[in-house]
Amino acid sequence: MAENYTTTNAGAPAPSDELSLSLGPDGPILLQDSYLIEQMAAFNRERAPERQPHAKGAGAFGRFEVTNDLSAYTKAAVFQPGATTEVFARFSSGNSGERGSADTARDNRGFSVKFYTAEGNFDIVGSDVPVFAIRDPIKFPSLIRAGGRRADNDLHDHNMVWDFWTLCPETAHLVTLVMGDRGIPKTFRHMNGFGLHAFSWINSAGEICWVKYHFKTNQGIQWLTQEEGNRLAGTDPDCCIRDLYEAIERAEYPSWSLKVQVMPFADAKTYRFNPFDVTKVWPHADYPLIDVGTLTLDRNITDHHTEVEQAGFAPSNLVPGTGLSPDKLLLGRSFAYADAHRARIGVNHNQIPVNAPRCAVRSYSKGGRMRFGNAADPVYVPNSVGGPRADPDRTAEVGWAADGEMMRAAYTPRRDDDDWGQAGTLVREVMDDAQRERLVHNIVGHVCAGVKEPVLSRVVQYWYNIDREIGKKVEDGIRANASR
Ligand code: NDP
């Protein structure tokens with residue numbers, strides 16, 4: 001029979017699974033019971049600090065297969081015709097979702113994909129809606145805190161979140177999307193994913209274009225009403241995590257078609273609104289979707305903590321042929337995500353298997369907590385002993401010209417740069433009557449759970465600014481609720 005005895009974490013035989021070391025059967029427990037101490041200490045440290053936003057999530061492994069030829073736009077190996085790349089995807093329950101929150105809370109979901117490419121890891125760190133709530137990263141901590149808990153009583157407070165939203169009109173587009181049907185996806189499989197920002201691509205001739213990533217679900221869009229979501233929050237709060245895991249167990253592998261919108265480099269300067277404003281979409285009529293390939297998730301995780309909790313996605317994980325853009329929120333995120341992982345799981349988080357690149361790493365980093373890959377000499381550069389040298393021709397840095405004085409200012413206004421327009425288009429031209437009715441129902445229910453004057457009047461005005469009819473219905477709905 002194979003040996004099957006318990007060991008300490010250092011591999012030595014454990015003295016007992018059930019009894020602590022004490023001085024006689026009735027005596028005190030002894031400090032030298034290092035096995036007992038290892039058990040208690042490991043238990044106390046079982047959790048990594050949870051993520052600030054998007055704390056609760058599910059993940060799975062799979063592959064991405066290119067089905068089109070986009071080599072005219074990018075030289076990235078991951079997007080070349082016929083390429084297949086291993087991936088890990090993580091979906092999360094929301095900006096203000098904590099690890100114990102219900103999967104059916106109304107919020108935007110996280111949708112992140114790590115591509116383990118031959119040229120290094122490439123991450124798309126996106127969401128199930130196509131826009132973000134704010135466009136300047138300096139507001140990010142406030143956005144998350146406003147949707148989180150109060151300082152005094154630790155309660156969520158709708159007055160607080162609507163106070164912030166109505167003082168920041170650029171939130172209107174995201175709030176309309178989240179208050180609509182798709183604000184509670186039925187499962188992670190039945191939602192789209194968006195890279196949110198404009199990114200750059202560069203081809204082998206050195207020509208740059210701007211792109212937006214769209215993962216379209218092949219399972220079809222499905223969502224829950226507020227009432228269904230509320231019920232499941234009580235009866236099956238982990239329903240989305242369960243659904244993903246069980247679907248893959250049944251070999252019903254979820255897939256998404258990756259498409260991109262491509263904007264020629266020069267268009268960005270003259271387009272009717274700033275295409276780097278992450279609170280806006282690029283209309284399909286101007287920039288149609290182009291097929292790229294298929295993302296399929298076909299392998300379940302085996303340890304949620306090591307693979308999902310410790311997964312670290314960063315928009316700064318780019319590969320040659322891909323790059324950033326002048327989107328200020330993206331530039332802020334390109335610092336913030338890697339820094340969040342350094343703070344939460346450590347400076348060596350890229351050595352954890354789920355984050356580790358599948359290609360050779362030749363960096364000059366050394367030391368730091370929890371490092372287990374050996375650093376090799378030389379540990380400095382330049383050196384005369386044959387250490388690696390950076391090759392600027394291979395790098396993922398895509399540049400663009402910029403000039404001007406240093407200042408704190410919003411993007412230079414353009415003709416169609418208002419905050420209400422695209423939210424209004426969504427309500428009037430994309431939603432049908434039944435969807436608009438449910439939108440009003442969801443808004444009124446949310447607002448009537450705690451929003452007070454003077455925020456209440458601003459909420460009504462906010463919806464009038466998006467659409468007069470919706471504004472009127474929200475106002476009537478709030479009045480009717482108050483007189484009940
Ligand atoms: P289109 O008519 O070409 O596109 C409308 C888009 O809206 C489709 O991608 C569709 O996605 C999506 N959609 C349909 N119903 C809903 C809903 N209830 N909630 C959220 N999205 C929905 O128009 P435009 O490109 O000109 O965009 C018009 C508006 O559509 C925008 O203001 C924006 O709010 C919304 N939208 C636009 C997207 C874009 O990238 N252009 C992406 C997503 C939304 P699907 O095929 O999955 O149903």
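1. A residue counts as partly exposed when its relative accessible area lies between the limits for buried, under 20%, and exposed, over 50%. By that rule R342, with a relative accessible area of 36%, is partly exposed. The model is a predicted one, and the accessibility classes below should be read with that in mind.

2. The partner of R342 is D339: their side chains form a salt bridge with an N to O distance of 3.6 Å. Both residues belong to helix 9 (residues 328–344), where they sit 3 residues apart, about one turn of the helix. D339 has 30% relative accessibility and therefore also counts as partly exposed.

3. A second pair joins E65 and R63, with 3.3 Å from N to O in the salt bridge. E65 is partly exposed at 28% relative accessibility, and R63 is partly exposed with a relative accessible area of 30%.

4. The salt bridge between the side chains of E170 and K139 has an N to O distance of 2.6 Å. E170 is in the loop between helix 3 (158–167) and helix 4, while K139 is in the loop between strand 4 (120–127) and helix 2 (140–146), so this pair ties together parts 31 residues apart in sequence. E170 counts as buried at 6% relative accessibility, whereas K139, at 26%, counts as partly exposed.

5. The structure holds 35 salt bridges. Some are linked: R135, D277, K280, D417 and D419 make up a network of salt bridges.

6. Which residues come nearest to the ligand? Of the 17 around it, they are H173, R182, N192, W282 and H284. One is 2.6 Å, to an N or O atom in the side chain of H173; another is 2.9 Å, to an N or O atom in the side chain of N192. For H284, a polar backbone atom is 2.8 Å from a ligand oxygen.

7. On its own the ligand has 800 Å² of accessible area, and the protein covers 74% of that. Helix 10 gives the most, with 4 residues.

8. By class, the shell consists of 7 nonpolar, 8 polar and 2 charged residues. At least three shell residues come from each of domain 1 (57–145 + 185–359) and domain 2 (420–483).

Notes
Residues numbered from 1 in each chain as written. Predicted model: local features only at pLDDT ≥ 70, side-chain atom pairs only at ≥ 80, totals over all residues. Heavy atoms only, no water. Near = heavy atom within 4 Å. Polar contact = N/O pair within 3.5 Å; in protein donor to acceptor, adjacent residues only side chain to side chain. Areas by Shrake-Rupley, 256 points an atom, 1.4 Å probe, with all protein chains shown as cover. Helix = DSSP H or I, 4+ residues; strand = E, 2+ residues; numbered from the N terminus. Nonpolar A, V, L, I, M, F, W, Y, C, P; charged D, E, K, R; others polar. Domains from an automatic or database assignment. Salt bridge = Lys/Arg side-chain N within 4 Å of Asp/Glu carboxyl O. Buried < 20%, exposed > 50% of the residue type's maximum accessible area, 1.4 Å probe, protein only.
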